[in-house]
Amino acid sequence: MRFREPQVDKETTVKLEDFRKSVDADAEDVIFRIFPGKKLIKSTSSSSSPFHQSHAAGSTDVTVYPPPISSNSTGEPDKKKRKREVEETNDHVLSDTQHARFPNLFHTNKHLLSVHETLKKECEQLIDLTDKVKLWINLTMPNYLDGVSTEVLSELHRSQESGYNIRDSVRQNHLNRAKICSKIIKYPHLEDYALGLKEHDDKQLYIARQNLSDLRNVYAVMTDILHKNISKLRSPKGNNGIGLY
């Protein structure tokens with residue numbers, strides 16, 4: 001009995017072809033419209049830009065505020081309070097300060113928060129866009145390894161890693177800032193901790209500005225590489241031995 005190789009049915013074949021066409025269209029849009037446009041990220045040299053260093057001076061609040069009103073200081077019976085505490089703990093609501101050693105309130109830097117949100121969105125968009133181009137290249141590559149396609153995929157991967165690292169720096173900033181704030185709450189009479197926080201925020205705004213420029217440079221380099229090698233990426237067969245332009 002002759003073995004019949006399994007085949008994809010016609011309906012699935014049509015769907016796969018439609019998917020392939022949508023991947024091609026998305027990649028072309030990214031390569032020829034979005035990537036080139038991203039080279040024109042707004043300048044941060046203007047004082048109106050939130051990334052301008054002039055905003056650092058007045059954005060840091062070093063005031064130690066009184067503790068927020070505890071949700072347990074409501075005059076309700078102890079038994080009822082304990083029951084509600086258990087329910088809140090089970091729901092992962094742990095905002096009470098009654099067990100904190102230093103319950104004073106310290107505000108975050110609202111301006112930096114806004115700047116970092118912008119930076120995070122840019123990083124997430126970079127990662128998403130490069131994913132679309134990577135998928136297109138992988139689907140276009142022949143069964144054997146193609147030199148140009150492999151090198152471009154490596155460059156795209158490095159671009160994504162840059163996006164991941166810049167996005168993660170926001171988390172690290174909050175952790176480092178919290179350590180300084182805790183010192184100010186504990187030792188409010190030491191001016192150097194307050195000055196250290198101001199310098200920290202000043203540095204973070206400078207780094208955010210540099211990170212935005214780095215993202216713009218990533219887009220510029222990727223646009224240049226993709227445009228110079230687009231014919232090889234579209235028809236990789238026969239070009240596998242030739243390197244990047």
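## Overall fold

The protein has 245 residues, and 33% of them are buried. Its secondary structure consists of six helices and zero strands. Along the sequence the pattern reads α-α-α-α-α-α.

Among contacts with a separation of 6 or more, 79% join residues 24 or more positions apart.

## The cores

Which residues touch the most other members of the largest nonpolar core? They are Val133, Trp136, Ile137, Val152 and Leu226, in a core of 34 residues.

A second core is separate and has five residues. Phe106, Ile184, Ile185 and Leu197 are among them.

Set aside its neighbours within four places in sequence, and Ile137 contacts Ser149, Val152, Leu153, Leu156 and Leu233.

## How α4 meets α5

Two packed helices are described by an angle between their axes and a distance between the axes. For α4 and α5, the angle is about 170° and the axes lie 11 Å apart. An angle over 145 degrees counts as roughly antiparallel, so α4 and α5 are roughly antiparallel to each other.

What kinds of residues form the contact of α4 with α5? The contact divides into 14 nonpolar, eight polar and four charged residues.

## A look at Lys186

Lys186 belongs to helix α4. Is Lys186 buried, exposed or partly exposed? Its relative accessible area is 35%, so Lys186 is partly exposed. That value falls between the cut-offs of 20% for buried and 50% for exposed.

Phe102 is 84 residues away along the chain, yet the C-alpha atoms of Lys186 and Phe102 are separated by 7.1 Å.

## Confidence

The mean pLDDT of the protein is 84. Of its residues, 79% reach 70 or more.

Where does pLDDT stay under 50? This happens over residues 89-94. For this stretch the model has two contacts beyond four places in sequence. Where pLDDT is low, predicted coordinates should not be read in detail.

Notes
Residues numbered from 1 in each chain as written. Predicted model: local features only at pLDDT ≥ 70, side-chain atom pairs only at ≥ 80, totals over all residues. Heavy atoms only, no water. Core = buried A, V, L, I, M, F, W, Y, C linked by side-chain atoms within 4.5 Å. Buried < 20%, exposed > 50% of the residue type's maximum accessible area, 1.4 Å probe, protein only. Contact = heavy atoms within 4.5 Å. Axes fitted to C-alpha atoms, helices over the stretch in contact; angles between N-to-C directions. Helix = DSSP H or I, 4+ residues; strand = E, 2+ residues; numbered from the N terminus. Parallel < 35°, antiparallel > 145°, perpendicular 65-115°, else oblique. Nonpolar A, V, L, I, M, F, W, Y, C, P; charged D, E, K, R; others polar. pLDDT = per-residue confidence, 0-100.
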